[in-house]
Amino acid sequence: MKVFFAVSLLLMQINLFAQEAVTQHEGVLGPGYYKILGILFFILILAIIYGFMYFGTEEIIEEEKAVEEPEKASLWARIRQAMTKAAPLDKEDEILMEDDYDGIKELDNKVPPWFNYLFYATVIFAVYYMFNYEVFSAGKSQVDEYEAEMQAYSVQRAQLEASGAFVTEETVTRLNDQNDLESGKDIYKSNCVPCHGPDAGGIVGPNLTDKYWIHGGGIKNVFKTIKYGVPAKGMVSWQTQLNPKQMQEVASYVLSLQGTHPANPKEPQGTIWEGDSTQVNQ
């Protein structure tokens, strides 16, 4: 018992030292502090197991020396005896209690050492927990952890929104900001010029500057066409190469070209689009 309390006090002292060292060098308790505590607890558990195995087995050996036995007990039998401290079968009469319930009698065996060691470990952990969370406030409470998780979620969501991760053909809106249109123009020049021409007048693909649309006009239909492509007519799906934000930007840029006058426009294809920008062709 003294050994376990000594280990507990040692753990508390090292805890204070680790906290002071981390605070001096970093200003806050970082991951290194908790790694130190994790290692110490691992060592503590090993010490408990070692004490349980060594001291328990030592007592059994002493008992075996006092009583002559025809054969030396096997290692597993000694370990099991050390774990339970149960009386041998030939000595159960000595610890038999007077209680008798329908022929069922009770033995007054000792509390198993493993149970005591487990109890000691919980006491040590309780002391650590109290000092770590209640005295020094080094560990985060559940409220602190929740607030930290929510803050991290807010940052992550903001990043996803900035990348357009939530933009679909149902939620996309037309962008009018000049920076977005310039970004869409760069995307168009890098990917769309071979089929639609530098001025969007059409080469292999249709003219994008008139009012005629094969798959529907408006931001939602143009976004949908860019996203899924038209494989039957040679237009690839761009959703594997462009993120939703980029597809929204290039779709908005294409719509900004409406009414311009390319040098050599193709003949109109499709039908005049008279729907609004919120309508999606099925």
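Some conventions come before the structure. Residues are numbered from 1 along each chain as its sequence is written, and side-chain values use heavy atoms, with hydrogens and water left out. Since the model is predicted, local features need pLDDT of at least 70 and side-chain atom pairs count only at pLDDT 80 or more, while totals for chains, interfaces and linings use all residues.

I begin with the chain as a whole. Its secondary structure comes to 9 helices and 4 strands; helices (H or I, at least four residues) and strands (E, at least two) are DSSP runs, numbered from the N terminus. In order from the N terminus, the elements run α-α-α-β-β-α-α-α-α-β-α-α-β. The chain has 282 residues, and 29% of them count as buried. Here buried means under 20% relative accessible area, exposed means over 50%, and partly exposed lies in between, with a 1.4 Å probe and protein chains only. The accessible surface comes to about 19000 Å², and 59% of this belongs to carbon and sulfur atoms; such areas come from the Shrake-Rupley method with a 1.4 Å probe, and for residues only the protein chains shown count as cover. As for contacts (heavy atoms within 4.5 Å), 66% of those with a separation of 6 or more join residues 24 or more positions apart.

How far apart are its end C-alpha atoms? They are 32 Å apart, which agrees with the 33 Å that 23 residues, 113-135, should span at 1.5 Å a residue. The expected span is 1.5 Å times one less than the number of residues. Buried residues of this helix are Pro113, Tyr117, Tyr120, Ala121, Ile124, Tyr128 and Asn132. In general, an α-helix has 3.6 residues a turn, so residues three or four places apart point the same way. Trp114, also in helix 4, counts as partly exposed because its relative accessibility is 41%. Together with Val111, Phe115 and Leu118, Trp114 forms a nonpolar patch on the surface, with about 410 Å² of accessible area in total. Patches are made of residues with over 30% relative accessible area and no salt bridge, like charges being joined within 9 Å and nonpolar side chains (Val, Leu, Ile, Met, Phe, Trp, Tyr) within 5 Å.

Now to the charged pairs. Side chains of opposite charge can pair when their charged atoms come close. How many salt bridges does the structure hold? There are 3, a salt bridge being a side-chain nitrogen of Lys or Arg within 4 Å of a carboxyl oxygen of Asp or Glu.

One joins Arg157 and Glu161, at 3.2 Å from N to O. These residues are separated by about one helical turn, because they are 4 residues apart in helix 5 (residues 142-163). Arg157 is partly exposed at 33% relative accessibility, and Glu161 is partly exposed at 45%.

Another joins Glu169 and Lys227, whose closest N and O atoms are 3.3 Å apart. This pair links distant parts of the chain: Glu169 is in the loop between helix 5 and helix 6 (178-191), and Lys227 is in helix 8 (residues 218-228), 58 residues apart. Both partners are buried, Glu169 at 13% relative accessibility and Lys227 at 14%.

Lys245 and Asp180 also form a salt bridge, with closest N and O atoms 3.9 Å apart. Lys245 lies in helix 9 (residues 244-256) and Asp180 in helix 6, so the pair ties together parts that are 65 residues apart in sequence. Asp180 counts as buried, at 17% relative accessibility.

His196 deserves a separate word. This residue is in helix 7 (residues 193-196) and counts as buried at 12% relative accessibility.

I close with backbone angles. Most residues other than glycine have a negative phi, and most peptide bonds are trans. Ser137, in the loop between helix 4 and helix 5, has a positive phi near 55° and is exposed at 53% relative accessibility. Ala200, in the loop between helix 7 and strand 3 (212-213), has a positive phi near 65°. Is Ala200 buried or exposed? Ala200 is buried, with a relative accessible area of 0%.
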